[in-house]
Amino acid sequence: MTRLLDWAPAPDPTLRVRRHPADLDRLVHAWRLLEAVGHAASSPVGAVLGLGSARAVVHDLEPVLDPADRTHATRLAVVRGELDTAPSRIGECRTCPWWEGVEDRDGPVEGVAAGWSCPMT
């Protein structure tokens with residue numbers, strides 16, 4: 001039996017571990033929050049619980065901290081209005097009424113119901 005605070009992660013050779021970017025984003029965010037309030041561990045690691053919480057995948061966050069910090073700084077600059085942005089199209093936009101004739105548009109989109117929002121967001 002292990003105690004709640006016992007921490008001795010070990011590799012399981014029967015599993016193939018894959019890094020999922022969204023998991024790492026969440027772990028870095030949690031790490032930075034804990035660090036800001038003085039409760040982060042001495043080294044940047046985090047764990048993601050597996051399906052059914054039977055296993056946890058432990059990630060070393062050191063390689064992703066700097067890139068995540070740069071992304072966060074860019075997002076803050078956008079929110080603060082310090083960085084110019086422009087809309088961009090992705091494949092799902094081909095049939096979106098917001099983009100039809102956008103080059104000639106100087107006002108709201110005609111024929112789009114009020115309150116319509118992009119299904120891709």
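Tutor: Gly-81 follows helix α2, and its phi is positive, near 80 degrees. Helices here are DSSP runs of H or I, at least four residues long, and strands are runs of E, at least two, both numbered from the N terminus. The model is predicted: local features need pLDDT of at least 70, side-chain atom pairs count only at pLDDT 80 or more, and totals for chains, interfaces and linings use all residues. Residues are numbered from 1 along each chain as its sequence is written, and side-chain values use heavy atoms, with hydrogens and water left out.

α2 covers residues 62-79, which is 18 residues. The expected span is 1.5 Å times one less than the number of residues. For α2 that gives 26 Å, and the end C-alpha atoms are 26 Å apart, so the two agree.

Next, the packing. Val-64, Leu-65, Ala-68 and Ala-77 of α2 are buried. Buried means under 20% relative accessible area, exposed over 50%, and partly exposed in between, with a 1.4 Å probe and protein chains only. The buried residues of α2 pack against α1 (21-36). Contact here means heavy atoms within 4.5 Å.

Asp-69 meets Arg-32 side chain to side chain, at 2.5 Å, N to O. Asp-69 lies in α2 and Arg-32 in α1, so the pair ties together parts that are 37 residues apart in sequence. The rule for a salt bridge is a side-chain nitrogen of Lys or Arg within 4 Å of a carboxyl oxygen of Asp or Glu. Asp-69 is partly exposed, at 30% relative accessible area. Arg-32 is partly exposed too, at 26%.

Arg-32 has another partner. Its side chain forms a salt bridge with Glu-35, at 2.6 Å, N to O. Both residues are in α1, three residues apart, about one turn of the helix. An α-helix has 3.6 residues a turn, so residues three or four places apart point the same way. Glu-35 is partly exposed, at 40% relative accessible area.
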